[in-house]
Amino acid sequence: METNCSCKTDVPRVMTIHRILEEGKGQCSFFFKSFLNGSNKPPQPGQFVMVWLPGVDEKPMAISYSTDNEFAFTAQSVGPFTQALTRLKRGDRLGIRGPYGKGFTIKNPACVVAGGVGIASVATLIDQLQDPLIIYGTRSKAQLIYLQRYKKQEMLITTDDGSHGKKGFTTDVLVEVLSSNKTIKMIYTCGPEIMMKKVVALCMQYMIPCEASLERYMSCGFGVCGKCMVNDKITCIDGPVFSGKVLSTLSEFGATARLKSGRKVSLAEHHKV
Amino acid sequence: MNITLCGIRLQNPTILASGILGVTKESIDRLGKKGAGAVTLKSLCHEERKGNPNPTMFAYPGGFLNGVGLPGQGIESACTEFERLDDLSIPVIGSIFGYTLEQFGSVAKKMSSLKPAMIEVDISCPHMDYGQVYDADPALAAKVTKEVKRNVGKIPVSIKLSPKIYDIKAMAKAVEEAGADAITAINAYPGMVIDLETCRPLLASKIGGISGPALKPIAVKCVYEIYETVKIPIIGTGGVTSGKDAIEMIMAGATAVGIGTAVYYHGDEVFLKICEEMESWMKEHKISSLDAIRGCAHQQQKK
Ligand SMILES: Cc1cc2nc3c(=O)[nH]c(=O)nc-3n(C[C@H](O)[C@H](O)[C@H](O)COP(=O)(O)OP(=O)(O)OC[C@H]3O[C@@H](n4cnc5c(N)ncnc54)[C@H](O)[C@@H]3O)c2cc1C
Ligand SMILES: Cc1cc2nc3c(=O)[nH]c(=O)nc-3n(C[C@H](O)[C@H](O)[C@H](O)COP(=O)(O)O)c2cc1C
Ligand code: FES
């Protein structure tokens with residue numbers, strides 16, 4: 001009945017960067033040579049870690065590679081924290097805690113719709129699925145990553161400016177796929193929330209189950225601070241992966257998010273700051 | 001298991017402590033459905049605050065350390081978002097703080113417009129400058145109490161005290177005399193944890209507040225001493241993670257128990273868990289109501 005709760009700990013574990021892989025312009029993967037938290041259970045696809053850069057900050061990052069003796073996260077340089085990350089060298093150290101959150105459930109045959117750096121959150125999922133169809137879009141050719149990694153997969157690429165693949169949005173391609181292909185049993189998505197909202201709506205329309213990984217401001221990662229609330233859901237522990245069924249009941253999905261202070265703002269304003 | 005606290009009916013004596021979830025209406029409703037007797041909001045002040053950079057919290061063996069730095073949307077924005085607090089499934093305690101006496105008053109006034117069941121005044125954050133001013137000075141604490149009371153009408157007011165003080169009895173006495181309706185004891189205790197690999201404190205704020213199991217004996221001692229000193233009810237807060245911990249707080253003299261860090265250890269099921277464990281302890285010991293054991297640790301001392 002009573003568990004010895006005071007044994008439960010969550011302290012950043014300082015680990016040495018074993019190698020850094022430059023995936024693309026301003027996008028780097030940081031590899032660590034060991035299991036997460038010394039446990040030998042691999043993280044679930046869709047789970048994330050909190051990454052501490054001493055003296056700078058600590059932020060959530062999806063686990064983008066996970067093998068028997070290595071894991072990595074892939075950061076895209078956008079602001080102070082991720083810019084500081086890109087200045088790190090092999091041998092530098094970072095504090096890691098986690099893995100946190102609930103990941104994706106595996107179901108085949110599947111289609112994965114990824115937008116931008118969102119591909120990092122579905123990368124280990126793609127590794128576990130059987131020949132998924134990947135729809136992957138970025139603003140332009142420069143942001144595309146993992147193309148070598150997935151060269152054996154069927155991949156439909158879109159760019160907003162048409163510099164690579166099809167000009168347009170991932171959801172344009174998804175509509176075509178859904179209206180022609182009847183064998184897909186599950187759709188997974190991660191990327192800009194506006195895109196995910198459209199994906200979920202399409203899946204509802206075509207009655208195909210789907211799962212999406214949500215991004216919210218996170219501070220603790222373990223369900224204490226309340227910063228990541230989306231309606232009554234605590235994104236860091238109830239998610240970040242939610243089913244389309246759950247998401248379509250959440251009025252804040254695709255509409256609002258909370259700033260670091262907890263103030264609720266429109267999604268557009270959230271991404272501006 | 002229901003209790004009355006300053007005239008407010010609670011379905012059970014567990015109250016979510018300030019700063020753990022309790023930031024949105026839907027989070028309050030969620031915790032109500034999960035069995036909390038009442039919910040305390042995260043402390044708010046006159047301005048929007050980002051709080052400290054991360055890392056702001058972690059659990060080390062034996063306890064929890066946080067240096068969140070009181071982030072919050074500010075009272076104005078909260079008033080717009082919440083609209084009112086008396087239409088929720090359970091009683092809500094609005095928590096406030098300020099840097100000056102006037103701010104304590106004006107934030108309290110705005111909070112009272114949301115119609116919370118009670119207002120809790122946080123004069124004791126362990127890692128904020130303002131906390132260092134008010135948390136150990138009975139005369140100042142009395143001034144804050146009076147200022148808040150003057151601004152909130154009939155809404156009961158609880159003053160949240162810090163354990164970081166030599167004479168907590170004098171503090172308790174001072175706020176009772178100034179008109180406080182209850183005392184919340186205690187806030188977190190200042191502490192630090194250093195990472196050996198990087199030779200630096202783990203928290204970005206360096207110093208944070210210790211909560212959870214490591215805090216419990218300190219909290220029990222504070223509640224015990226306050227109970228000896230004042231007549232007003234005490235919300236015993238600090239390290240309660242099991243039914244037995246809650247019973248211990250009540251034996252020390254608490255009317256209700258605050259529960260914060262235990263949400264980290266057990267999730268939001270913790271309220272049900274603690275209530276069930278309290279009930280089974282009471283059954284085992286043939287105790288029919290909490291009134292029968294409230295403050296009993298004192299009587300046994302007198303024998
Ligand atoms: C579950 C989860 C997984 C993530 N995985 C990745 C990943 O694999 N790769 C990647 O590059 N990014 C990922 N992010 C986003 C990443 O945490 C932040 O966007 C990034 O650290 C930006 O920080 P910055 O200081 O560089 O930029 P800033 O200029 O500070 O922020 C840019 C934007 O990032 C967002 N952001 C900032 N801080 C946080 C935070 N603490 N939590 C959530 N969002 C924040 C805000 O929308 C902000 O507008 C993930 C976020 C979440 C919630
Ligand atoms: C992450 C965190 C944030 C907190 N924020 C506040 C706050 O805003 N206002 C406040 O009065 N107390 C705050 N506290 C203190 C708690 O309300 C409580 O007094 C303390 O944690 C001891 O109780 P516990 O051991 O049950 O957690 C916070 C505690 C934690 C762990
Ligand atoms: S990040 Fe703190 S509750 Fe989710």
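**Reading chain B and its ligand**

Modeller: In chain B, take the contacts (heavy atoms within 4.5 Å) between residues at least 6 apart in sequence: 71% of them join residues at least 24 apart. Keep in mind that this is a predicted model, where local features need pLDDT of at least 70, side-chain atom pairs count only at pLDDT 80 or more, and totals for chains, interfaces and linings use all residues. Residues are numbered from 1 along each chain as its sequence is written, chains are lettered from A and ligands numbered from 1 in the order written, and side-chain values use heavy atoms, without hydrogens and water.

Colleague: What share of the 303 residues in chain B is buried?

Modeller: Buried means under 20% relative accessible area, with a 1.4 Å probe and protein chains only. Here that share is 63%.

Colleague: Which residues are closest to ligand 2?

Modeller: A residue belongs to the surroundings if one of its heavy atoms lies within 4 Å. Ligand 2 has 23 such residues, the closest being Ser18(B), Ser43(B), Lys160(B), Gly239(B) and Thr261(B).

Colleague: And how do I read polar contacts there?

Modeller: Look for a pair of N or O atoms within 3.5 Å. A polar side-chain atom of Ser43(B) lies 2.6 Å from a nitrogen atom of ligand 2. For Lys42(B), a polar side-chain atom lies 2.9 Å from a ligand 2 oxygen. Gly260(B) uses a backbone N or O atom, 2.9 Å from an oxygen atom of ligand 2.

Colleague: How much of the accessible area of ligand 2 does the protein cover?

Modeller: Accessible areas come from the Shrake-Rupley method with a 1.4 Å probe. Of the 610 Å² that ligand 2 has on its own, the protein covers 97%.

Conventions: Polar contact = N/O pair within 3.5 Å; in protein donor to acceptor, adjacent residues only side chain to side chain. Buried < 20%, exposed > 50% of the residue type's maximum accessible area, 1.4 Å probe, protein only.
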